Amino acid sequence: MKVTCHLCGVEFEKADKEVRRQQKEGRDYFFCSRSCTGIHANKIRHNTPDDGLKSYQRRTKKMEQLLGEKLSIAKSRLNKLLMYELAKKCNMDICFRCGERIVNIEDFTIDHKESWLLSDDAVKLFYDMDNIAFSHAKCNYEAGTKNYVSNCKNSIKEEFELYTY
């Protein structure tokens, strides 16, 4: 007798006697293989929704629903909050550019003392801990204005096609 797999929809042959036996036991669905049978059993056992997501994707989606925002954004905010609190405890919450205390987390930014964008070894200067400081957002962004960048080598600016704000 030709029957259709309950899970994958493949048509396959099954003995009439076996089909009648299973129907007598109350089962009106069949599986083409042990693999399909196992997948179906696990879905029932673990109550897995049929949303097409993997377990880690489902977990991330649940966390995002609980937090009310994307998980990457929440982690970035947590990292910034942690860094700001640690900077305050270590008395490192002084702006590198203006020398005043950074009193608001919205004004707290990581600042590169020397511009890594225009250096000969950008990667090294970007990750150099001696080149990192904290600044007010306004002070940090003002350092990247046209006046600041115009003091740098024009040939490097043109080569990398840097855009300034």
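β4 (132-136) supplies the largest share of the lining of the second largest pocket, 3 residues. Two or more lining residues also come from β3 (108-112) and from α5 (122-127). Helices (H or I, at least four residues) and strands (E, at least two) are DSSP runs, numbered from the N terminus. The model is predicted: local features need pLDDT of at least 70 and side-chain atom pairs pLDDT 80 or more, while totals for chains, interfaces and linings use all residues. Residues are numbered from 1 along each chain, and side-chain values use heavy atoms, without hydrogens or water.

The second largest pocket holds about 230 Å³ of space. A pocket is an open set of points on a 1 Å grid where a 1.4 Å probe fits, with protein on both sides within 12 Å along at least five of seven lines; lining residues have an atom within 4 Å of a point. Its lining comprises 9 nonpolar residues, 1 polar and no charged; among them are Met 92, His 112, Tyr 127 and Phe 134.

Helix α4 (residues 71-89) has 19 residues and spans 27 Å between its first and last C-alpha, close to the 27 Å expected at 1.5 Å a residue. Leu 71, Ala 74, Tyr 84 and Ala 87 of α4 are buried, that is, under 20% relative accessible area with a 1.4 Å probe, protein chains only. Their cover includes α3 (55-67), β3 and β4.

Ser 119, in the loop between β3 and α5, counts as buried because its relative accessibility is 14%. The table gives distances from a polar atom of its side chain.

| Backbone atom | Distance |
|---|---|
| Asp 121 oxygen | 3.4 Å from Ser 119 side chain |
| Ala 122 nitrogen | 3.3 Å from Ser 119 side chain |

Key. Grid points are joined across faces, edges and corners, and a volume is the space filled by probe spheres set on the points. Ala, Val, Leu, Ile, Met, Phe, Trp, Tyr, Cys and Pro count as nonpolar, Asp, Glu, Lys and Arg as charged, and the others, Gly among them, as polar. The expected span of a helix is 1.5 Å times one less than its number of residues. Buried means under 20% relative accessible area, exposed over 50%, partly exposed in between (1.4 Å probe, protein chains only). Contact means heavy atoms within 4.5 Å. A polar contact is a pair of N or O atoms within 3.5 Å; within protein, one must be able to donate a hydrogen and the other to accept it, and residues adjacent in sequence count only if both atoms are side-chain atoms.
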